[in-house]
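Subject: Handing over the structure

Hi,

Here is the structure I promised to pass on, with my notes on what turned up in it. Have a look at it first, and then read on below.

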Amino acid sequence: MKNAIVTGASSGIGLACATRLLQMGYKVIGVSRDFSKCECDHHNFVHLTCDLTQREQLLALQHKIDKANTYILINAAGVGHFAPHEALHVEQIEEIIALNLTAPLILSKLFLKPLKQNSGYIFNIGSISARQPALFGAAYGASKAGLQHFGLSLFKEARKSGLKVVNIEPDITNTNFFDTLRFHPAEDPQCYIEPDDIAQIVADTLTMRTGTVITNITVEPQKFKLEKRPHQEEKRCKKPQ
Ligand code: NAP
């Protein structure tokens with residue numbers, strides 16, 4: 001059975017991708033800190049608890065996952081902290097870079113050999129912020145721009161092996177990403193992407209003719225509208241560590 005490693009598989013885009021891959025017959029190794037609220041308990045869904053910002057936990061993954069059958073790596077775990085840059089805590093900047101950029105680079109390195117041998121796929125869930133500067137998102141945008149460049153460069157390096165590297169860069173998507181933020185998508189379904197839409201793109205990519213590779217995909221909602229959280233809800237947002 002072919003293995004797919006999916007980070008951020010406990011919710012949102014990662015969970016939607018994991019669910020779709022399970023339906024397609026893959027064994028999915030999900031990597032997140034907490035699967036307790038994850039409702040998918042498919043028998044081929046392995047839950048690996050790991051804080052990807054912690055170097056030792058990240059490196060230990062290579063010993064917990066059967067490398068030989070690894071065919072897909074989806075780097076979906078990510079975090080956003082949005083504020084004037086001087087107001088960000090140093091720990092928040094470190095978390096953004098460690099989770100959104102360093103972890104995908106290291107995971108790709110750890111599993112590159114089997115992914116190349118299996119002519120497999122790396123999907124990087126980036127963001128439209130990779131190419132579009134966002135107010136109060138300088139650090140987040142930097143992490144996603146770095147991830148975009150990494151993916152495009154890695155494809156050039158590894159394409160001869162048959163490896164496909166695909167950057168998927170969504171705009172506003174209806175997930176828990178906004179739980180701790182001061183804004184969230186507007187209620188109109190035309191104002192956000194659904195996680196299943198991203199999973200559909202992954203599935204479509206996997207079933208494309210071998211020989212053609214889409215290396216970078218931007219995904220946008222039909223309309224753009226964000227809403228601010230009411231003041232009282234703002235107070236309930238997680239405090240920065
Ligand atoms: P989400 O529902 O909040 O999912 C984030 C995932 O990352 C969760 O599974 C979370 O699991 C995991 N995660 C967070 N910190 C982690 C850590 N230290 N170690 C391991 N896993 C960790 O948000 P999402 O929207 O699906 O986000 C997925 C990706 O999409 C992110 O890379 C994000 O930047 C990107 N994106 C999102 C949007 C959007 O509008 N939602 C737009 C563009 C790009 P645990 O909490 O269990 O660890």
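How many nonpolar, polar and charged residues does the shell around the ligand have? By class, the shell has 13 nonpolar, 12 polar and five charged residues. Please keep in mind as you read that this is a predicted model.

**The ligand and its surroundings**

In total, 30 residues surround the ligand. The closest are Ser-11, Arg-33, Tyr-140, Thr-173 and Thr-175.

At Leu-52, a backbone N or O atom lies 2.9 Å from a nitrogen atom of the ligand. Ala-76 places a backbone N or O atom 3.0 Å from an oxygen atom of the ligand, and a polar backbone atom of Phe-177 is 3.4 Å from a ligand oxygen atom. On its own the ligand has 880 Å² of accessible area, and the protein covers 92% of that.

**Aromatic pairs**

A search of the whole structure finds 10 aromatic pairs. One of them joins Phe-35 and Phe-45: the ring centres are 6.2 Å apart and the planes stand at 90°, so this pair is edge-to-face. The pair links distant parts of the chain, as Phe-35 is in the loop between β2 (27-32) and β3 (45-49) while Phe-45 is in strand β3, 10 residues apart. Both of these phenylalanines are buried.

Phe-177 and Phe-178 form another pair, and with centres 5.4 Å apart and planes at 80°, it is edge-to-face because that angle is over 60 degrees. How accessible are the two partners, Phe-177 and Phe-178? Phe-177 counts as partly exposed at 27% relative accessibility, whereas Phe-178 is buried, with a relative accessible area of 5%. Ring pairs also link Phe-82, Tyr-140, Phe-177, Phe-178 and Phe-183 into a cluster.

**Charges over rings**

Two lysines are worth a look as well. The charged end of Lys-164 sits over the ring of Tyr-121, 4.7 Å from its centre. Lys-67 lies over the face of Phe-111, at 5.9 Å from the ring centre.

**A buried arginine**

Arg-229 is found in the loop between β9 (226-228) and α6 (231-236). Is Arg-229 buried or exposed? Its relative accessible area is 13%, so Arg-229 is buried, the cut-off being under 20%. What does the side chain of Arg-229 reach? The side chain goes to the backbone oxygen of Leu-181, at 2.7 Å.

**Backbone angles to check**

Most residues other than glycine have a negative phi. Ser-119 has a positive phi, near 45°. Ser-119 lies in the loop between α3 (90-117) and β5 (121-125) and is partly exposed, with a relative accessible area of 27%. Phe-136 is not a glycine either, yet has a positive phi of about 65°. The place of Phe-136 is in the loop between β5 and α4, and at 43% relative accessibility Phe-136 counts as partly exposed.

Happy browsing, and do write back with any questions.

Best wishes

Notes: Residues are numbered from 1 along each chain as its sequence is written. This is a predicted model: local features need pLDDT of at least 70, side-chain atom pairs count only at pLDDT 80 or more; totals for chains, interfaces and linings use all residues. Side-chain values use heavy atoms; hydrogens and water are left out. A residue is near a molecule or strand if one of its heavy atoms lies within 4 Å of it. A polar contact is a pair of N or O atoms within 3.5 Å; within protein, one must be able to donate a hydrogen and the other to accept it, and residues adjacent in sequence count only if both atoms are side-chain atoms. Accessible areas come from the Shrake-Rupley method with a 1.4 Å probe; for residues, only the protein chains shown count as cover. Ala, Val, Leu, Ile, Met, Phe, Trp, Tyr, Cys and Pro count as nonpolar, Asp, Glu, Lys and Arg as charged, and the others, Gly among them, as polar. Helices (H or I, at least four residues) and strands (E, at least two) are DSSP runs, numbered from the N terminus. Buried means under 20% relative accessible area, exposed over 50%, partly exposed in between (1.4 Å probe, protein chains only). Rings of Phe, Tyr and Trp (its six-membered ring) pair if their centres lie within 6.5 Å; planes under 30 degrees apart count as stacked, over 60 as edge-to-face and the rest as tilted. A charge sits over a ring if NZ of Lys or CZ of Arg is within 6 Å of the ring centre and within 35 degrees of the ring normal.
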